[in-house]
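Here are some notes to read beside the model. Please keep the sequence and the 3D view open as you go through the points.

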Amino acid sequence: MKRVPRAAWISGLIFVGEFCLLLWLERRRPLRRAVEPKFRRSARNLSLAAVSALALQVTERPLIASLTRVVEHRQFGLLKQFSMPRWFEVALAVALMDYTLYLWHILIHRSPWLWRLHLPHHVDLDLDVATALRFHFSELVVSAGWRAGQVTLIGVSPRAYSAWQRLLMLSILFHHSNVELPIELERWLSRIIVTPRLHGIHHSMVRDESDSNWSSGLTLWDWLHGTLKLNVPQQAITIGVPAYRQPEDVSFCKLIAMPFRSQPPIWQLPGDGEPERDALPVPENQLAK
Ligand SMILES: [Zn+2]
């Protein structure tokens, strides 16, 4: 049997540790009121995650592992054209992967075909650490193609790729979590990284709010592109998309089939118009409580 490298063990332990810590904090300091029973939702999300993990194992993992080795060996891609210290190249690669993931996130929302694949992630009626793992396998398989483009064009080495993957995983668990951080701490953190309140706004069923806060790591990209939205109080947010409001609409089997079925008008409440937000009581440039 193949031995698992020590670094993989350590990052696996950090991942499980962060997941358990956030679960515990979600019980102690929930940020938003839950709609569905936590155990049922988490079991459904983790089942979807298990299918997706299997799909990743046979698609993205072998593809990217060999691509990063080719990039390193042939000195291919943007970063390999310059001579720079190793640590600086890794830091730049991580930042550029984060930026191009921001672009991919916009693309999967904007392209009707790709949006179908991302939809199972957004129809979750609550948002917490288990949502962080709930991606449809088709989204992950298709995004392996984008990932290959990122690695090749940027020139990402195996070391830089695994650094990016680990940081992304830590960030994704954190910003999907339903943990209420002290507002002053979160206002400070959100100047640098995506936080739970910021990402909560992205999961709002108000379209204008969902069309914001696309970053997955650094908030810099939303800030630079003018897509950062701060002033929506979390208690005013309904998580999900308007067309799927009932727990029976988002069962495990329906989620698996969702990208392949015809869709109702996603941003319309059944039999009603598009949800909107009244004037917000918080200044635009301030993260709301
Ligand atoms: Zn999204």
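1. By about how much of a helix are H105 and H109 separated in α4? They are separated by about one helical turn, because they stand four residues apart in helix α4; helices here are DSSP runs of H or I with at least four residues, numbered from the N terminus. Both H105 and H109 are buried, meaning under 20% relative accessible area with a 1.4 Å probe and protein chains only.

2. Please bear in mind that this is a predicted model, in which local features need pLDDT of at least 70 and side-chain atom pairs count only at pLDDT 80 or more, while totals for chains, interfaces and linings use all residues. Residues are numbered from 1 along each chain as its sequence is written, and side-chain values use heavy atoms, with hydrogens and water left out.

3. The zinc ion has as its protein donors the NE2 atoms of H105, H109, H118, H122 and H202, which lie 2.2 to 2.3 Å from it. Donors are N, O and S atoms within 2.8 Å of the metal (3.2 Å for Na, K and Ca), and since water is not among the atoms, sites may look incomplete. Along the sequence, the donor residues follow the spacing H-x3-H-x8-H-x3-H-x79-H.

4. The axes of α4 and α5, lines fitted to C-alpha atoms over the stretch in contact, with angles running from 0 to 180 degrees between N-to-C directions, come within 6 Å and cross at roughly 100°. The two helices α4 and α5 are therefore roughly perpendicular, a term for angles of 65 to 115 degrees.

Technical notes
Buried < 20%, exposed > 50% of the residue type's maximum accessible area, 1.4 Å probe, protein only. Parallel < 35°, antiparallel > 145°, perpendicular 65-115°, else oblique.
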